[in-house]
Amino acid sequence: MSALIASKPAVRLQPVRSEAAPPMPSPAANPGLAALRLFLRNPSGLLGSLILIGLLFAPQPGPPIYGADPFEIVGAPFQPPGGDPVLGTDYLGQDILAALLQGGRATLLVGFSAALITVVIGVTFGALAGFFGGRVDAALMKVTEFFQVLPTLLFAMVLVTLFGQKIAITTIAIGVVSWPPTARLTRAEFLRLRGLDFVKAARAAGAGPLYLIGRVILPNAAPPIVVSATLAIGTAVLFEGALSFLGLGDPNVMSWGLMIGQNRAYALEAWWTVLLPGAAIFLAVLGVSLVGDAVNDAVNPRLRKRS
Amino acid sequence: MRLTKRTLLGAGLSVLAAPLTAPILGLPEALADDATAPLVIGTNQVPRHFNGAVQSGIATGMVSTQIFASPLRYDDQWNPQPYLAKSWVVAPDNLSVTLHLVEDAVFHDGHPLTAEDVAFSIGVIKANHPFQTMLEPVSTVETPDAHTVIIRLARPHPALLLAMSPGLMPILPKHVYGDGQDIKTHPANLRPVGSGPFKFVAYKQGESIQLERFDRFFIPGRPKLARLVYRILPDQNSLVIATERREIGMLPFLSSVRDIERLAKVPTLTVTDRGFEGIGPINWLAFNCGKKPLDDVRVRRAIALAANRDFITGKLLGGVAKTATGPIVSGSPFYEPAVDLYKLDIAKADILLDEAGLKKGPDGTRFQLTIDYIPNDNDQQRNVAEYLRAGLKRIGIALQVRAAPDFPTWAQRVSNFDFDLTMDNVFNWGDPVIGVARTYLSTNIRKGVIWSNTQQYRNQKVDELLNAAAVETDLQKRKALYDEFQKIVVSEAPIAYINLTPYKAVYDKRLTNLPLSIWGPLSPLDEVAWAQGAAGAGR
């Protein structure tokens, strides 16, 4: 918010400068760069990015540096942290640190992939419904409502139960249950934008519906969708955690959710086995959430209107 | 956006907190100073119904044994004791058994219990009970008078006396069940009428079962408890907490290591492993012998050699479980300890696999297998399966753990031979004829039937030994036959025996005359009582 207010005077000053320099003014020529600058000026966004980068890159060199297979049994079960291995062992005697490093990869991969599925389905439905309106809108929104009224976690559980506990199924299940809000958001943006003058102008110039949707309206509807996609990553990470917590994770792919789910029964005797992966999930969701918020501030349509 | 973000953060916190907040369901604490206080029995098993004549398993058995009486019951030394039969005579030719019934037994609805009811029940059990070998040799049942039953056998059947135990032969009222309806779906299965110490009051589906003292029970002065309440809590943690808080007075069939260790420290509770000799539970790793490469005995032996049972029982199971060495539990009179022990030997396992022609690939992997396990039993099943994934990797077998969302899914896979390896937990049920032979007889390979010979193990010699032992009445000769059977089966390894399931029963210390016979919690609780004046907290 502070970044938003601080940047307002710049908006007022802008027309004066653009008169002085006939070529297109730099902020308008590169709105992405301006947004990035705004984003980087936002402390919570920076913190969020740092957390995410940390979590994203820790798993990558993890195995080579730490060199442990998360499924290997390295010693007696329930060794507390502080000894060897550093973060202790879980219910089977598996190395917690190795599992944390390797597990983050799967967890974040599920998060990003599921968010991608959410965005693809949601934007397609929302864009078509919002652009065409009428019967198309009614039909597509009925489908959306159908998915919206299903209890999401329950529906995901049913999907995983039916098709098997595989990480790919989990990802698809999460994507399939969480797209309706994105669809509704996209539809709202399209409904708002399709009546505006620049769209009418493009239509008058002979643009077809595909061009209008993809090249004219979507770029202008993008900011809120980008924000919701960022937050969808966090939701997906939590979803993966919840499914694994309920015992529906893929037992052959180490993830933070699986760690919590498998160790949950022993939480009272060995707190570290669930608290550490829990903290990792918490950090990941916090990071995603902060980034999403900062993106929201940076690409706010009110700032874009100056161009 | 705000709302979404806040919900996200809140949910993130709740993932952290959720494992630490176990749900505690409130129910008034059992007051032991009141002699009429109910005994609350905790279980996470939901019974389909209460008729143990057509349904095996502990969920039905725990309740069925209280409602229905049986001809015999057992002490803690495998000796039959009078129950509905005040005496019994085994004919010298071993081809008939005569039961003399008590005369004053009545059903809960007031009808007298007669020989007709016993004959009817034996017929029902023979036709419907899943343990087909249990009464299979019974040819006819005669009832010369109202209190005499003669069971005629086609061939000697030494397991018959054990098959008359409370959990295996509940005596049903013919006037209720003999109305022509299908016994397996009979409405009375959910509103049972028996002649046992407690009568049925109410069942709240999946929640609780209430039984009440039967005042005209045929043993005078019993039962001593006024009421039994079975509290069904699907979550094991809730059960343990409720037991700690003394809301549950009896928690049978506890097998989780941490739960056992936790409750053993509670000064107001008794934790005992007595009372499970009859059931004889073994936790084991079964091979699908009908599938390559597991049809090769060398591969099965190699896997058994790589499964470090010392680690499993000592570390994973925290030392509370005994190692299982063969198909018969060590508490049984037929147990044979001198078998192959499959001590951990990676080098020997590697040699066996090389000999079988399954060489290591460039990445050190020989071949892939899957392993299934019974869901909702972490300590005995899931953890051992996951441990094996690491253990078998050492001999070049890439093991994929296949989780099943619920019991029927697992049973479906295993009974249809759709598995490579599976963890399983199988009961001996007292006599090898009842609970052991079914796993190994080639005639009992029955697709779709769980706990039959789902391993598809075939050995003619084993079939002969088991069939001979089933009719051998001389105890020593019978043991010799079972000894040979055990040696062959352990050596050919259709199953790698892991551990005896460390079932424990937990009792409130204020209870006296605990059921410690060989059938333990599956025996009538007519003698159990609250100790006089034992009330008061803080003891």
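Predicted model: local features only at pLDDT ≥ 70, side-chain atom pairs only at ≥ 80, totals over all residues.

Me: How many residues of chain A are in contact with chain B?

Reply: Start by counting the residues on each side. Here 43 residues of chain A are in contact with 35 residues of chain B. The area buried between the two chains is about 3,300 Å², and carbon and sulfur atoms give 66% of that area.

Me: What is the count of salt bridges between chain A and chain B?

Reply: A salt bridge needs a side-chain nitrogen of Lys or Arg within 4 Å of a carboxyl oxygen of Asp or Glu. Between chain A and chain B the count is 1. The side chains of Asp69(A) and Lys393(B) form a salt bridge, with N to O at 2.6 Å.

Me: Which helices of chain A each supply at least two residues of the side that touches chain B?

Reply: They are helix H13 (209–245), helix H14 (256–263) and helix H15 (272–298) of chain A. H15(A) gives the largest share, 11 residues. By type, the residues on this side of chain A are 26 nonpolar, 13 polar and 4 charged.

Me: Now the strands. What is the order of the open sheet of 4 strands in chain B?

Reply: In chain B the order is E4-E5-E7-E6, with antiparallel pairing. Strand E4 (85–90) and strand E6 (138–145) of chain B are the edges, each pairing on one side only. From one strand to the next, the twist averages 20 degrees.

Inside that order, strand E5 (residues 96–101) and strand E7 (residues 148–153) of chain B pair over 5 bridges. Val97(B) stands opposite Ile151(B) in E7(B). Helix H3 (residues 115–128) of chain B packs on the sheet and touches E5, E6 and E7 of chain B. The direction of H3 makes about 170 degrees with that of E6(B).

Me: In the hairpin of E8(B) and E9(B), how many residues lie between the strands?

Reply: There are 3 residues between them, and Gly206(B) in this hairpin takes a positive phi near 70 degrees. Strand E8 (residues 198–204) and strand E9 (residues 208–213) of chain B are antiparallel and pair over 6 bridges; Ala202(B) has Gln210(B) as its bridge partner in E9(B).

E9(B) is also joined by 5 bridges to strand E10 (residues 227–232) of chain B, again antiparallel. There, Glu212(B) has Arg227(B) as its bridge partner in E10(B).

How values were computed
Residues numbered from 1 in each chain as written. Chains lettered and ligands numbered in written order. Heavy atoms only, no water. Contact = heavy atoms within 4.5 Å. Buried area = accessible area lost by both parts, 1.4 Å probe. Nonpolar A, V, L, I, M, F, W, Y, C, P; charged D, E, K, R; others polar. Pairing = 2+ DSSP bridges. Axes fitted to C-alpha atoms, helices over the stretch in contact; angles between N-to-C directions.
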